[in-house]
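Subject: Structure for you to look at

Hello,

Here is the structure I said I would pass on, with notes on what was found in it. Please have the model open while you read.

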Amino acid sequence: MKLDYVDVGMIHYVDDEKDFNNIFNGEIIKYAKVLKEKGVIKSLGISTHNPDIAFKAVETGIIDVILFSINAAYDMLPANEDVNILFEESTFKNRTYNLN
């Protein structure tokens, strides 16, 4: 496409407070803002599975786009920042799913 910019610059998988704070209080967001000011990034976005993080990102006033994943295998389970929980058999015991 021979472009010198991207429409959306995404920071992916921002799911917990620690990651959020590292990104929004550190060098990553500073660099992303510089790229946006230069026009290299037209819109700045994040992806998350955590609604609390999504709201915090909106409240910064910096984020233009949020990719909020809806994944039944992940999002129908109790909230947890440890993705490894998804692979434990105990996670699925006593869970009822109505897929009709």
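A crossing of two helices is called left-handed if the near helix is turned anticlockwise from the far one by less than a right angle, and right-handed if the turn is clockwise. That term is needed for one helix pair below. Please keep in mind that this is a predicted model.

Overall layout

The protein has four helices and three strands. Starting at the N terminus, the order of elements is β-α-α-β-α-β-α. Of its 100 residues, 26% count as buried. Among contacts with a separation of 6 or more, 51% are between residues 24 or more positions apart.

Helix 1 against helix 3

Two packed helices are described by the angle between their axes and the distance between the axes. For helix 1 and helix 3 (residues 51-60), the angle is about 20 degrees and the axes are 11 Å apart. The two helices are therefore roughly parallel to each other, since an angle under 35 degrees counts as such. Their crossing is right-handed. On the helix 1 side the contact is made by E17, F20, N21 and F24, and on the helix 3 side by I53, K56, A57 and T60.

The buried residues of helix 1 are F20, I23 and F24. These residues sit on the same side of helix 1, because they cover an arc of only 80 degrees around the axis. An α-helix has 3.6 residues a turn, so residues three or four places apart point the same way. The cover over the buried residues of helix 1 includes strand 1, helix 2, strand 2 and helix 3.

Helix 3 has I53, A54 and A57 buried. Their arc around the axis is only 105 degrees, which puts them on the same side of helix 3. D52, F55 and E59 are exposed on the other side of helix 3. The packing partners of the buried residues in helix 3 are helix 1, strand 2 and strand 3 (65-68).

Helix 2 and A32

Which residues of helix 2 are buried? They are I29, A32 and L35. Viewed down the axis of helix 2, its buried residues fall within an arc of 120 degrees, so they line one face of the helix. The face turned away from that buried side carries the exposed residues E27, Y31, E37 and K38. Strand 1 (6-11), helix 1 (17-24) and strand 2 (41-48) are what the buried residues of helix 2 pack against.

The length of helix 2 can be checked too. With 12 residues at 1.5 Å a residue, helix 2 should span 16 Å, and its end C-alpha atoms are 17 Å apart, which agrees. After helix 2 comes G39, with a positive phi near 85 degrees.

A32 is a residue to look at within helix 2 (residues 27-38). A32 counts as buried because its relative accessibility is 7%, and the cut-off for buried is under 20%. Leaving aside residues up to four places away in sequence, A32 touches I41 and L44. A32 is also 9.9 Å from I62, C-alpha to C-alpha, although the two are 30 residues apart in sequence.

Two backbone angles to check

Most residues other than glycine have a negative phi, and most peptide bonds are trans. Two residues are listed here for their phi.

- K2 is not a glycine, yet its phi is positive, near 55 degrees. K2 is in the segment before strand 1. With a relative accessible area of 87%, K2 is exposed.
- Y13 is not a glycine either, and its phi is positive, about 60 degrees. Y13 is in the loop between strand 1 and helix 1. Its relative accessibility is 39%, so Y13 counts as partly exposed.

If you want to follow this on screen, show helix 1 and helix 3 with the contact residues E17, F20, N21 and F24 on one and I53, K56, A57 and T60 on the other. Then turn to helix 2 and show its buried residues I29, A32 and L35.

Regards

Definitions and conventions:
Residues are numbered from 1 along each chain as its sequence is written. This is a predicted model: local features need pLDDT of at least 70, side-chain atom pairs count only at pLDDT 80 or more; totals for chains, interfaces and linings use all residues. Side-chain values use heavy atoms; hydrogens and water are left out. Buried means under 20% relative accessible area, exposed over 50%, partly exposed in between (1.4 Å probe, protein chains only). Contact means heavy atoms within 4.5 Å. The expected span of a helix is 1.5 Å times one less than its number of residues. The arc is that of the directions from the helix axis to the C-beta atoms. Axes are lines fitted to C-alpha atoms, for helices over the stretch in contact, and angles run from 0 to 180 degrees between N-to-C directions. Angles under 35 degrees count as roughly parallel, over 145 as roughly antiparallel, 65 to 115 as roughly perpendicular and the rest as oblique.
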